[in-house]
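I opened my notebook for a chain that is new to me. Here is what I looked up, entry by entry.

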Amino acid sequence: MFLCSFLGTFHGHHSEMGYHAILAFDLRQYYHSYVETDDQIALLSKPRNKGGSSDLASAGFNIINSIIGSGIIGLPYSMKEAGFPLGVLLLFVVAYITDYSIILLIKGGNLSNTKTYQELVKETYGLVGYLILSTLQFLYPFIAMISYNIITGDTLTKVFQRIPGVGLDNVLTDRHLIILLTTIIFTLPISLYRDIAKLGKISLLSLILTIVILIIVMVRTVTFSPQIPKSENAWIFAKSNAVQAIGVMSFGDIFENYCRDDNLATFGRFCYGVTVILTFPLECFVTREVIANVFFHGNLSTVFHVVVTVVIVAVATGISLAYDCLGIVLELNGVLSATPLVFIIPSACYLKLSKERWNHSDNLISCLILVLGVLVMAVGFVMTVLHPQECSHGKEMFYCSPSNVSLHNSTLPP
């Protein structure tokens with residue numbers, strides 16, 4: 001049971017952070033597709049055109065935003081489910097493995113004389129491997145886009161309910177309308193940018209709001225904690241139900257712990273909703289780039305650029321409007337998509353290309369990461385199906401005022 005919990009939590013932490021570190025690695029390829037340099041770094045794309053430009057600051061803001069993003073809000077719940085000491089330990093372990101996986105990608109690129117993740121896999125495992133990788137690279141950010149829409153609808157409706165005169169029957173509390181408005185006014189226009197460097201300032205704003213959120217949470221930790229009953233075994237090293245941390249980065253909203261009439265928390269919810277909206281276009285860039293590489297040889301005309309972007313955003317929005325609870329889907333997405341991208345594929349490529357002896361340190365560590373990745377997938381899949389997370393909207397914590405308690409729209413995944 002402890003091994004299952006360990007692996008479940010291990011994946012729970014890396015499913016968002018680890019994948020987005022790999023995503024950031026791909027984004028750096030995208031930046032260099034617009035900037036000609038004399039000394040191309042290994043695994044960075046050659047320039048495709050001169051239609052855009054990017055500076056180091058914009059690149060940095062986008063990369064940091066894609067790695068940190070809104071997933072940081074789910075960390076406290078993940079720590080609670082895993083056991084705080086084990087959660088902190090695994091956070092560092094996953095960071096190391098993610099960093100090592102990127103190093104393996106670079107070494108594999110040098111061995112195969114390829115410059116991108118896709119080219120590396122195609123050179124190593126052929127067309128089948130390339131299509132599998134492309135499918136995984138598309139699915140993870142696409143489902144993240146759906147979850148971002150759901151979070152936006154749930155979060156901003158609670159914010160608007162605090163406006164005087166806005167009741168539960170007001171249009172501003174309709175999550176479907178909020179999702180449509182934010183998509184049409186914000187996420188779609190921003191996602192239509194061809195040059196990802198133009199998202200630099202947007203990512204900077206998102207990072208500033210993330211800092212504001214952290215400050216709000218720290219303030220509430222001091223001012224609100226005396227009112228909260230102490231948790232049982234709060235400092236236990238590891239918990240047997242750590243598997244509930246699987247996929248939590250996508251929807252573990254810490255603001256669910258605060259009461260609806262808490263104005264400071266309401267401002268934090270607003271910042272969180274805006275942060276999610278500003279992170280959405282980065283995911284859209286990745287999905288569009290995958291489609292461009294697979295079906296259009298990496299080049300999209302202006303017309304196809306608009307059409308592909310609108311279709312991707314429209315489908316993601318349609319799904320988020322039709323379903324308000326994707327808990328098990330998001331968990332399975334983390335297990336079946338992020339794990340291969342971060343753990344399995346980089347290690348498998350390096351092991352096939354490596355010319356070192358079998359007992360070389362790189363080969364041994366790669367084998368260990370590969371085995372861990374397979375175990376995480378298997379255990380994570382089984383535990384996610386057996387223990388799906390509850391999906392609840394509009395339900396307040398028991399310590400909030402009884403007059404604020406609302407149990408409407410609370411559902412369990414089938």
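Leaving aside neighbours within four places in sequence, which residues is Ser354 in contact with? I found Leu111 and Asn363, taking contact to mean heavy atoms within 4.5 Å.

A note on what I'm looking at: this is a predicted model, where local features need pLDDT of at least 70, side-chain atom pairs count only at pLDDT 80 or more, and totals for chains, interfaces and linings use all residues. Residues are numbered from 1 along each chain as its sequence is written, and side-chain values use heavy atoms, with hydrogens and water left out.

**Ser354 again.** I placed Ser354 in the loop between helix 11 (327-353) and helix 12 (361-386); helices here are DSSP runs (H or I, at least four residues), numbered from the N terminus. Ser354 is buried, at a relative accessible area of 16%. For the record, buried is under 20% relative accessible area, exposed is over 50%, and partly exposed is in between (1.4 Å probe, protein chains only). A polar atom of the Ser354 side chain sits 3.2 Å from the backbone nitrogen of Glu356.

**Salt bridges.** I counted 3 salt bridges, each a side-chain nitrogen of Lys or Arg within 4 Å of a carboxyl oxygen of Asp or Glu.

- Asp362 pairs with Lys107, with the closest N and O atoms 2.6 Å apart. Asp362 is in helix 12 and Lys107 in helix 4, so this pair ties together parts that are 255 residues apart in sequence. Asp362 is buried at 10%, while Lys107 is partly exposed at 30%.
- Arg175 pairs with Asp154, and their closest N and O atoms are 3.5 Å apart. This one links helix 6 to helix 5, 21 residues apart. Arg175 counts as buried at 10%, and Asp154 does too at 15%.
- Arg220 pairs with Asp262 at 2.7 Å between the closest N and O atoms. I noted that both Arg220 and Asp262 are buried.

**Positive phi.** Most residues other than glycine have a negative phi. I looked for exceptions and noted Asn113, with phi near 60 degrees, in the loop between helix 4 (84-112) and helix 5 (117-160). Asn113 is exposed at 69%. I also noted His297, with phi near 55 degrees, in the loop between helix 9 (263-295) and helix 10 (302-322). His297 is exposed at 73%.

**Cysteines.** How many disulfides did I get? The count is 0, with a disulfide taken as a pair of cysteine sulfur atoms within 2.5 Å. Cys271 is buried at 1%, and Cys349 is buried at 0%.

Note on methods
Helices (H or I, at least four residues) and strands (E, at least two) are DSSP runs, numbered from the N terminus. A polar contact is a pair of N or O atoms within 3.5 Å; within protein, one must be able to donate a hydrogen and the other to accept it, and residues adjacent in sequence count only if both atoms are side-chain atoms.
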